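Thank you all for coming. Please have a look at the sequence and the structure before I start talking through a few places in them.

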Amino acid sequence: MSNLPIWNLADFYPDFKSKEINNDIDKLIHSSNLFQKKYKNKLKKLSGNKLINSIKDYERLEEKIYFIKSFSFLTHCTDQLNKDKNKFYQSTDERLSEIEKNLVFFGIEINKLSKNKMGVLQDSKYSSWVSNLNKFKRFQQTEIIEKILMEKSLTSSSAWIKFFDQTMTRLKFDFRKKKLNETEIINLFSSSVESVRKDAAIGFGKTLKNNIFNFTFIMNNISKDLDIDKKLRGFKYSESSRHLSNQIDKEDVDSLVKTVKSNYESICHRYYAYKAKHFKKKKLDFWDRNAPYPGSKNILIDWLEAKNIVLKSYYNFDERIGEIAKIFFEKSWIHAKPLDGKTSGAFSHPTVPSCHPYILLNFQGKIRDVMTLAHELGHGVHQYLANKQGLLLADTPLTLAETASVFGEMLTFKSLLMNSKNESEKKYLLRNKIEDMINTVFRQISFFDFERKVHNARTEQELSEDDISEFWMSTQKESLGKHVNLTKDYKFFWAYIPHFIHSPFYVYAYAFGDCLVNSLYSKFEESPKNFNSKYINLLKSGGTRHYQILLRNFDLNPKDKNFWQMGMNLIKNLMDDLEKIS
């Protein structure tokens with residue numbers, strides 16, 4: 001654990017104090033002003049080629065803006081207690097926001113073009129970007145209003161997100177006369193010693209409770225901001241903007257949610273009944289949910305071994321994928337070392353096509369950390385391949401955003417399972433995989449259910465800490481079932497979930513991706529011939545093609561009423577395998 005990598009951001013700038021950054025921002029101000037003079041109120045008069053060139057000019061400006069934004073964010077997220085970096089992050093965000101206001105007119109005017117002009121764009125490489133932009137047309141406001149919304153976001157949603165991050169980073173949690181940060185204490189939730197888990201969970205809940213006024217205030221303001229946006233743009237539901245940006249119908253999401261919830265008892269409740277039995281308890285305490293089983297070895301995996309496990313599984317699937325994954329290690333595109341002031345959790349940031357993705361982890365040496373590495377590397381490979389499409393077309397919508405990450409996890413799990421030396425190892429791997437899938441599918445859908453209840457209620461009135469906590473406890477009890485004991489110490493655990501603040505309603509992406517990949521992986525096992533090339537082409541496509549068209553190549557149809565149940569059945573099969581050897 002002493003040789004964990006930290007990333008090298010020199011592919012952006014030498015340092016956050018570099019003069020190049022200010023020079024580039026000054027150039028962007030000049031370029032955005034010229035862009036506005038050249039194109040504002042003139043798009044409808046441009047010929048076909050000049051219209052396409054205007055999009056290319058726009059893409060170049062956006063690329064440079066996001067280049068600087070990416071560097072600013074990546075610099076900040078590993079050292080959030082550094083005052084100079086905080087100041088740099090905030091000031092950079094504000095200056096770039098001013099530049100982006102000069103570009104607001106462009107999307108609005110594209111959506112006002114005649115059918116003939118729009119036809120020219122639909123025949124260009126930017127057709128999918130234009131089509132998706134056009135879907136927002138009826139929710140679009142005037143340029144003045146859009147500018148105001150952009151500017152006000154700095155003191156509304158963006159400000160509350162930063163306040164949440166800064167609050168979580170600065171919190172210290174009591175544990176046996178020690179003060180631990182978030183990453184350190186959450187790591188103890190999976191300790192093999194029950195008293196450690198219990199003390200950590202109670203200490204964590206106590207600190208959240210002591211700060212619950214702030215978290216309640218943040219949640220209320222994030223929700224109200226969403227409600228204002230909904231009313232202003234004319235969305236029917238608070239979640240509508242998320243579905244629109246994800247290029248998915250609410251009906252498809254509802255179908256996923258309904259299917260998952262209908263399997264709560266047969267999978268989720270069944271698993272926790274199994275686990276409680278092996279813990280010799282009628283009910284698991286909530287701090288036992290992700291605990292290692294009694295008598296199981298406390299396996300720690302060092303970084304080099306984790307790297308080799310994941311790379312081997314990627315190479316065994318396809319050498320092309322393995323070679324891309326290897327680059328992340330060789331060129332220091334990964335930050336795995338836990339640090340004070342570093343954001344918790346894990347992500348892969350796509351940055352921009354002129355650079356490359358960067359991966360953040362908080363590696364603690366557990367089997368889950370190996371799976372997290374596999375997951376984020378999947379994202380990284382996906383982003384690396386999709387970046388070839390250019391900035392406007394590289395972004396993959398939710399419908400396929402979790403495909404490569406979950407597929408990478410499955411490859412790693414299957415590799416470990418195949419190479420397991422005995423029944424005990426196999427049992428250990430199956431238990432971990434089932435728990436991960438429950439956390440990815442059932443837990444995330446319960447989170448989504450919680451968000452729906454919170455945001456629907458917030459449209460009527462401000463919510464108290466008890467209101468929000470009641471929604472939290474009811475949705476958690478429904479998903480976890482009668483074999484998990486949720487005490488009052490668990491009441492405020494909703495407060496630390498960053499997705500609720502950073503990206504409301506995103507959480508169903510994980511369940512969507514997991515179920516989709518379960519079906520996709522079944523196709524791979526059934527008929528591996530030509531699968532790899534089709535799979536790599538899917539990743540390369542980025543946001544250029546609709547997910548239903550891409551999945552058609554694998555004979556998969558998410559509109560099929562049994563599609564989501566296929567994903568559920570794979571988890572059930574793993575449960576059957578586990579119970580057979582237990």
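Predicted model: local features only at pLDDT ≥ 70, side-chain atom pairs only at ≥ 80, totals over all residues.

Residues are numbered from 1 along each chain as its sequence is written, and side-chain values use heavy atoms, with hydrogens and water left out.

Let me begin with the charged pairs. The structure holds 40 salt bridges, where a salt bridge is a side-chain nitrogen of Lys or Arg within 4 Å of a carboxyl oxygen of Asp or Glu. One of them joins the side chains of K101 and E151, with 2.8 Å from N to O. K101 belongs to helix 3 (residues 83–101) and E151 to helix 7 (residues 143–152), so that distant parts of the chain, 50 residues apart, are linked; helices here are DSSP runs of H or I with at least four residues, strands are runs of E with at least two, and both are numbered from the N terminus. K101 counts as buried at 14% relative accessibility, whereas E151 is partly exposed at 37%; buried means under 20% relative accessible area, exposed means over 50%, and partly exposed lies in between, using a 1.4 Å probe and protein chains only.

The next pair is D254 with R452, whose closest N and O atoms are 2.6 Å apart. This bridge also links distant parts of the chain, with D254 in helix 13 (residues 250–262) and R452 in helix 21 (residues 423–458), 198 residues apart.

Because E435 lies in helix 21 and R368 in helix 17, the pair ties together parts that are 67 residues apart in sequence. E435 is buried, with a relative accessible area of 5%. Elsewhere, salt bridges that share partners join E194, R197, K281, D285 and D288 into one network.

Now to the helix pair. Helix 20 (residues 403–418) and helix 25 (residues 531–540) pack at an angle of about 140°, their axes being 11 Å apart; axes are lines fitted to C-alpha atoms over the stretch in contact, and angles run from 0 to 180 degrees between N-to-C directions. T403, A404 and F407 of helix 20 meet F531, Y535, L538 and L539 of helix 25, contact meaning heavy atoms within 4.5 Å. The residues of this contact divide into six nonpolar, one polar and no charged, where Ala, Val, Leu, Ile, Met, Phe, Trp, Tyr, Cys and Pro count as nonpolar, Asp, Glu, Lys and Arg as charged, and the others, Gly among them, as polar.

Finally, the two single residues. Is N362 buried or exposed? N362 is buried, with a relative accessible area of 9%, and its place is in the loop between strand 6 (358–360) and helix 17 (367–386). The side chain of N362 reaches the backbone oxygen of T343 at 3.1 Å.

E146 lies in helix 7 and is buried, with a relative accessible area of 13%. E146 and V104 are 42 residues apart in sequence and 7.1 Å apart in space, C-alpha to C-alpha.

Conventions: Polar contact = N/O pair within 3.5 Å; in protein donor to acceptor, adjacent residues only side chain to side chain.
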